[in-house]
Structure formats: structure tokens, C-alpha cells
Amino acid sequence: MAASAGSPGSWSENILEYFLRNNQITTEDGAEITWYHAANHKAQMNEALKSTAHMIEADVLLPSDGAEHSQPIMAHPPETNSDNTLQEWLTEVTKSNKGIKLDFKSLAAVEPSMMLLEDMKRRLKRPVWINADILPGPNGNSKVIDAKPFLDTVTSFFLDVTFSLGWTTGWHPEKVNEGYSWTMVKEMEYICNELSQPVTFPVRAALVRQSCSQLLWLLKKSNRYSLTIWTGRNDSYSIEDLLYIRDHFDKNQVFYDILEPQNHEFKQAIGIKVNL
């Protein structure tokens, strides 16, 4: 069953329905959606806007200068400065028809960012995903964003949004890498069960195959749920791992935000044309 979604043009509209409606994809298949990752600095943002990517992902934080009324900027830690503010970024992206995914690494940046989004609401008739890692996950040691204040802040501004809620993870080439445990998926379901919005769970490609039972269980809990498969730059995983995911999950419930050259090889293996 496809994830439930908001009305056409709403922030919680299923991205498959949105891009089908705009004739940018041909079937309800999450593998058809293409991504541009870390479109933070102006050069990357402009490249993303010119690209064939359907969804643009960028990272939001407050600058390191510590000013009391700092404007949110587009940067990924350890960077703490940028040539691009969230306001400038949104102004440019609204000129396109691309979907948006904003990734938050700190709670402090959420409220001022929601205020800026609120100002842009009428100009953003497209899916908007709000992302944060809210639970500790396999091999992870990064700091999580506290789920309750994060969710409360976003929903106090917008009930109509798509959440992307993940776990902190790590991957180590010389070690046995644990997958997503039953405790991890049950804790996530406990949090998301209270929400009314669509939720996608970003999961690390190298850890999914060994966690299929847990993730299948999680997706079956609600037709609002989906997975977004992502990859670390140095992760070791195979095209067979991606095909295994493809065979075991509904095609309209899994998106693939993966790096090259694996993205190209995967699309070729499943017969989806890649625009270069």
C-alpha cells in the first residue's frame, strides 16, 4: 500500500504522486526519484537546480558566530559557515518545481527555520521533507536531536509536512556492523505512531539487508511510512544488497538516495533509464 499523503501541492503530498502529476516520472516506483545531496553552498545549490534531480537535500544549522538572532545557514558539520542562508536558498528553490528535504543537525536551528518556511508557504506548492536523526542507531555515536521538542516545534508551525526521521549510524570496514535492532524499530514506531503526517525512515544501505525483518515490520505498521535508502561515501555494500531490498519491499514504499557509481549500476540493473 502506498504511503498516505496530503492533497496535490501540499507539503505532505507523496513525492511519487507529485512527480507523476508533473510528468517527471512514469510509474509509482521510488527508484525513479533522483536526488541531489548536500546542495548547501550556492555553487552546489545552482548545480542542483540545473540538474535532473527531483529532490534537493540540504543541511540547515545556525552559524558559529553565536549571534543571538543568527539566520539559519546551509552547511553540514563540521562546517559552521556558508555563503548561503536558508532564506536565500528557499528563494532560489521556489523558482523550480523540485521537492525539498531539509536536514537539521541541531534543535536550535529548527524554530527560526520554520519561521522562514512559514513566510514562503504560499510559494512552496510541493513536497517538503523535514529530516533529523532522533534516535541512536546501529554503530552510531553522533548526537541525536531530541525527538519531542523537534516534532513539537515543527508541528506547531505545520501539520502538513513530511517527516524524515532517522537513527544515528556508523559503518566500520574492519568490524562486524550491527543492523537495525527490534528495540530501535519499536522505539521509532512508538514515536511515529502518535503522528498524523507521512514519515520516511532514512536507513543506511549497508545495514538494511540484515535488518529486513525489523524494517518490514515497521513499514507494515502504517501506510504513512516509507524508507529512504542512503549511503555513506566509504560504505561497502553491493548492487545485490540493493536488489534484495527491491525484491522484499513494495516499490512505492522505498526511495534510493545513493551515490555514484552504484546509483547508475542499480538503475541499469532494474531497467530504469538514468539521465546523465
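Predicted model: local features only at pLDDT ≥ 70, side-chain atom pairs only at ≥ 80, totals over all residues.
Residues are numbered from 1 along each chain as its sequence is written, and side-chain values use heavy atoms, with hydrogens and water left out.

**Helix pairs**

Helices (H or I, at least four residues) and strands (E, at least two) are DSSP runs, numbered from the N terminus. Axes are lines fitted to C-alpha atoms, for helices over the stretch in contact, and angles run from 0 to 180 degrees between N-to-C directions.

Let's start with helix 2 (residues 42-50) and helix 3 (residues 86-93), whose axes come within 11 Å and cross at roughly 15 degrees. That angle makes helix 2 roughly parallel to helix 3 (angles under 35 degrees count as roughly parallel, over 145 as roughly antiparallel, 65 to 115 as roughly perpendicular and the rest as oblique). On the helix 2 side, the contact uses K42, M45 and L49, and on the helix 3 side E88, W89, E92 and V93; contact means heavy atoms within 4.5 Å. Sorted by class, this contact has four nonpolar, no polar and three charged residues. Here Ala, Val, Leu, Ile, Met, Phe, Trp, Tyr, Cys and Pro count as nonpolar, Asp, Glu, Lys and Arg as charged, and the others, Gly among them, as polar.

Next up are helix 6 (residues 182-192) and helix 8 (residues 212-220), packed at an angle of about 15 degrees with their axes 9 Å apart. Helix 6 is therefore roughly parallel to helix 8. W182, V185, K186 and E189 of helix 6 meet S213, Q214, L215, W217 and L218 of helix 8. Five nonpolar, two polar and two charged residues make up this contact.

Buried means under 20% relative accessible area, exposed over 50%, partly exposed in between (1.4 Å probe, protein chains only).

| Cis peptide bond | Omega |
|---|---|
| P77 and P78 | about 10 degrees |
| E260 and P261 | about 5 degrees |

P78 sits in the loop between strand 3 (73-74) and helix 3, while P261 is in the loop between strand 9 (254-257) and helix 10 (262-269).

Positive phi angles turn up as well. N23 has one of about 55 degrees although it is not a glycine. You'll find N23 in the loop between helix 1 (15-21) and strand 1 (35-36), where N23 is exposed, with a relative accessible area of 70%. A38, also not a glycine, has a positive phi near 55 degrees. A38 lies in the loop between strand 1 and helix 2 and is partly exposed, with a relative accessible area of 29%.

**A buried arginine**

Is R246 buried or exposed? R246, in helix 9 (residues 239-248), is buried, with a relative accessible area of 9%. Leaving aside residues up to four places away in sequence, R246 touches D29, A31, K251, Y256, F266 and I270.
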